Amino acid sequence: MNQSQGQQTSEGRHEDDAALADFLASLMDYTPTIPDELVEHYLGKSGFQCPDVRLIRLVAVATQKFIADVATDALQHCKARQSTIVKDKRDKQQKDKRLTLTMDDLSKSLREYGVNVKHQDYFADSPSAGLDPASREE
């Protein structure tokens with residue numbers, strides 16, 4: 001490696017270090033959607049302890065990004081599923097354009113990120129099964 005390449009590499013590394021330092025400093029002023037205490041709790045459950053709030057907030061930002069990506073993908077699955085409705089049913093649903101996100105939509109989205117969600121089918125003997133006995137009207 002000649003001298004000019006060495007200087008460019010050193011300058012690039014210095015710029016990267018400066019950008020990283022600026023980013024970490026900006027995390028001190030940022031309030032993430034996911035509270036620091038919640039992130040610390042789950043990091044602690046996994047055996048990770050860190051007194052640096054910047055790192056906790058970095059994990060919170062990464063988690064927030066992950067959740068947003070999963071939700072966006074699930075919405076796309078929901079839209080694709082509801083666009084495949086047969087035409088005669090579509091006429092009835094033109095009035096109601098609300099989307100209904102299902103567990104299947106969420107499961108497909110999470111599967112793309114390597115998270116496998118298994119949910120059992122729910123069977124009930126009666127419409128009031130699973131309700132609090134005090135709230136049942138029989």
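These legends describe an overall view and close-up views of a predicted protein model.

The model is predicted, so local features need pLDDT of at least 70 and side-chain atom pairs count only at pLDDT 80 or more, while totals for chains, interfaces and linings use all residues. Residues are numbered from 1 along each chain as its sequence is written, and side-chain values use heavy atoms, without hydrogens or water.

**View 1. The protein has five helices and zero strands.** Along the sequence, the pattern reads α-α-α-α-α. Helices (H or I, at least four residues) and strands (E, at least two) are DSSP runs, numbered from the N terminus. Of the 138 residues, 13% are buried. Buried means under 20% relative accessible area, exposed over 50%, and partly exposed in between (1.4 Å probe, protein chains only).

**View 2. D73 is buried and has no salt bridge.** D73 sits in helix α3 (residues 53-83). K65 is its nearest side chain of opposite charge, 8.9 Å away. A salt bridge needs a side-chain nitrogen of Lys or Arg within 4 Å of a carboxyl oxygen of Asp or Glu. Beyond its neighbours within four places in sequence, D73 contacts S109, E112 and Y113. Contact means heavy atoms within 4.5 Å.

**View 3. L20, F23, F48, L55 and L58 make a nonpolar surface patch of about 400 Å².** Patch residues have over 30% relative accessible area and no salt bridge; nonpolar side chains (Val, Leu, Ile, Met, Phe, Trp, Tyr) are joined within 5 Å, like charges within 9 Å. Helices α1 (3-29) and α3 each supply at least two of the patch residues.

**View 4. F23 lies in helix α1.** F23 counts as partly exposed because its relative accessibility is 36%.

Key
Lys, Arg positive; Asp, Glu negative; His and termini not counted. Areas by Shrake-Rupley, 256 points an atom, 1.4 Å probe, with all protein chains shown as cover.
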